[in-house]
Amino acid sequence: MASIEVVVGRIGKPHGIRGEVTIDVRTDEPEKRYIPGVRLLAQPPRGSAFSHATLQVRRIRWHQSVLLVAFDELSDRNEAEAARGVVLRAVVQDDEVPDDPDEYYDHQLIGLAAHDVDGTLLGEVSGLVHGAQDLLQIKTPDGRDALVPFVEALVPEVDIAGGRVVIADRPGLVTPFEDE
């Protein structure tokens, strides 16, 4: 069975003097990814001297809605400061699905056909852009890239088994304005 890597967070600033760090959580399932004993892949930012390829979770706790994690490899504030900006990834089986039926891993969505509500092919999901608002990247048949906010009002249906997403298209969203 194949596995994939999913981003689950990014290390923020140190908290205290014993190596604990804040985590910018990038998963809807932190209780599944941050468990004592779990080993996460560590990707340091460009130019960083951080040398650990993996980090093992020693302890977690929530403090005022911020996830604080102690890793076995970070024993003091200096080591925690050196880890700032490290992206954390978990290895999951490629057939694993999130617990919430309305959540998806990127690899489940990439390659799905994108249709409008009338069934007209708009293109194919070629990627996702994560940020304050997740965006589906749609490659249109004429080669353009369109970004669609991944919200229920604009993407009312995701059918993984059927290999498609439905987009409530509007002029300028995926299809160009008439004068373009």
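Where does S65 sit? S65 is in the loop between β4 and β5, strands being DSSP E runs of at least two residues and helices H or I runs of at least four, numbered from the N terminus. What you're looking at is a predicted model, where local features need pLDDT of at least 70 and side-chain atom pairs count only at pLDDT 80 or more, while totals for chains, interfaces and linings use all residues. Residues are numbered from 1 along each chain as its sequence is written, and side-chain values use heavy atoms, with hydrogens and water left out.

**The barrel**
- Six strands close up into a barrel, in the order β1-β2-β5-β4-β3-β6, with antiparallel pairing; two strands pair if DSSP finds at least two bridges between them.
- On average, neighbouring strands in this sheet are turned by 50 degrees against each other, direction ignored; the axes behind that are lines fitted to C-alpha atoms (for helices over the stretch in contact), and angles run from 0 to 180 degrees between N-to-C directions.
- β3 has three bridges to β4, running antiparallel, and L41 stands opposite T54 in β4.
- β3 also pairs with β6 in the antiparallel sense, again over three bridges, and there A42 faces L88 across the pairing.
- In a regular strand, side chains alternate between the two faces of the sheet.
- Buried means under 20% relative accessible area, exposed over 50%, and partly exposed in between (1.4 Å probe, protein chains only).

- β4 and β5 are antiparallel partners over six bridges, and H63 has V66 in β5 as its bridge partner.
- Q64 lies in the loop between these two strands and has a positive phi of about 50 degrees despite not being a glycine.
- S65 is another non-glycine with a positive phi, about 65 degrees.
- Q64 is exposed, at 66% relative accessible area, and S65 counts as exposed at 68%.

**Nonpolar cores**
- The largest nonpolar core has 22 residues, and I11, I23, Y34, L40, F71 and L88 touch the most other members. A core here is a set of buried Ala, Val, Leu, Ile, Met, Phe, Trp, Tyr and Cys residues joined through side-chain atoms within 4.5 Å.
- The elements giving it two or more residues are β1 (3-14), β2 (21-25), β3 (39-43), β4 (54-63), β5 (66-71) and β6 (87-93).
- A second, separate core of 16 residues includes L112, A114, L122 and I167.
- Leaving aside neighbours within four places in sequence, I11 contacts residues including V21, I23, L55, F71 and L88; contact means heavy atoms within 4.5 Å.

**Around S126**
- S126 belongs to strand β8 (residues 121-129) and is partly exposed, at 31% relative accessibility.
- S126 and L136 are ten residues apart in sequence, with 7.8 Å between their C-alpha atoms.
- Beyond four places in sequence, S126 is in contact with I110, Q137, I138, K139 and D145.

**The largest pocket**
- The largest pocket has a volume of about 760 Å³.
- Of its 25 lining residues, R26, Y104, D106, H130 and D134 are the closest to its centre.
- β1 and α3 (106-109) are the elements that give two or more residues to the lining, and β1 gives the most, with five.
- On a 1 Å grid over the protein atoms alone, a pocket is an open set of points where a 1.4 Å probe fits, with protein on both sides within 12 Å along at least five of seven lines; lining residues have an atom within 4 Å of a point.
- Grid points are joined across faces, edges and corners, and the volume is the space filled by probe spheres set on them.
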